[in-house]
Amino acid sequence: MALEICAKAAVGARHLLGDCPFTQRVLLTLEEKKISYQMHLIDVSSKPQWFLEVNPEGKVPVVKFDGKWVPDSDVITQILEEKYPEPSLVTPSEYASVGSKIFGTFVTFLKSKDAIDGSEQALIFELFELDKHLKAHGPFVNGEKVSAVDLSLAPKLYHLEVALEHFKSWSVPENLAHVRNYMKLLFSRESFIKTVTSDKKYLIAGWAPKVNP
């Protein structure tokens, strides 16, 4: 029986999958594990009553396990690993936090209006640390095999690439060759292509109110 998942619909296009990186992380996990699922697209600006009744906090993603809706992509992916252990996506504990500060530093830089506040340097530092790790252990965080940490980073790095290019005409420095190759590998995977928002304009529309409130 297919698992049910509630996912964010695209801004201004309720029939299309939206830009939530945490939802995509769960969808990537489902695709990589070849788990069949049924998706309910939720317009987060006008959440349906049935959705709020089963999920009072109103957050996405939520997945239905054994009749109960479970929120939080960390919790969901952990349950998926326990219930569907093959193929294993477990990341060794010593690599589990690789790249974990990239998304936060990206958001700070994206919102920054001050060219000398250090936010760009902070992001470059985190990307440099990832590049160093990939150089030693790549092409993925845990070597040749994709694992959970890659599926968490892939949507965040895509947001970074698209949003910074659009709002700041910024791209990952060319000297970070291992990060650039890593992004190319992740974004070309069948699971990524199937679960990414259909048009970059929906991702940009999702960030616009946060960048220019």
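**Exercise 1. Find which residue caps the N-terminal end of α3.**

Start at aspartate 72: this residue does the capping, with a side-chain oxygen 2.8 Å from the backbone nitrogen of aspartate 74. Before going on, note that this is a predicted model, where local features need pLDDT of at least 70, side-chain atom pairs count only at pLDDT 80 or more, and totals for chains, interfaces and linings use all residues. Residues are numbered from 1 along each chain as its sequence is written, and side-chain values use heavy atoms, with hydrogens and water left out.

**Exercise 2. List the buried residues of helix α3 and say what they pack against.**

Step one: α3 covers residues 73–83; helices here are DSSP runs (H or I, at least four residues) and strands likewise (E, at least two), numbered from the N terminus. Step two: look for buried residues, meaning under 20% relative accessible area with a 1.4 Å probe, protein chains only. Step three: follow them to their partners, which are β1 (3–10), α1 (21–32), β4 (62–65) and β5 (68–71).

**Exercise 3. Work out which element gives the most to the lining of the largest cavity.**

Go to α1: this helix gives the most, with three residues.

Key
Buried means under 20% relative accessible area, exposed over 50%, partly exposed in between (1.4 Å probe, protein chains only). Contact means heavy atoms within 4.5 Å. A polar contact is a pair of N or O atoms within 3.5 Å; within protein, one must be able to donate a hydrogen and the other to accept it, and residues adjacent in sequence count only if both atoms are side-chain atoms.
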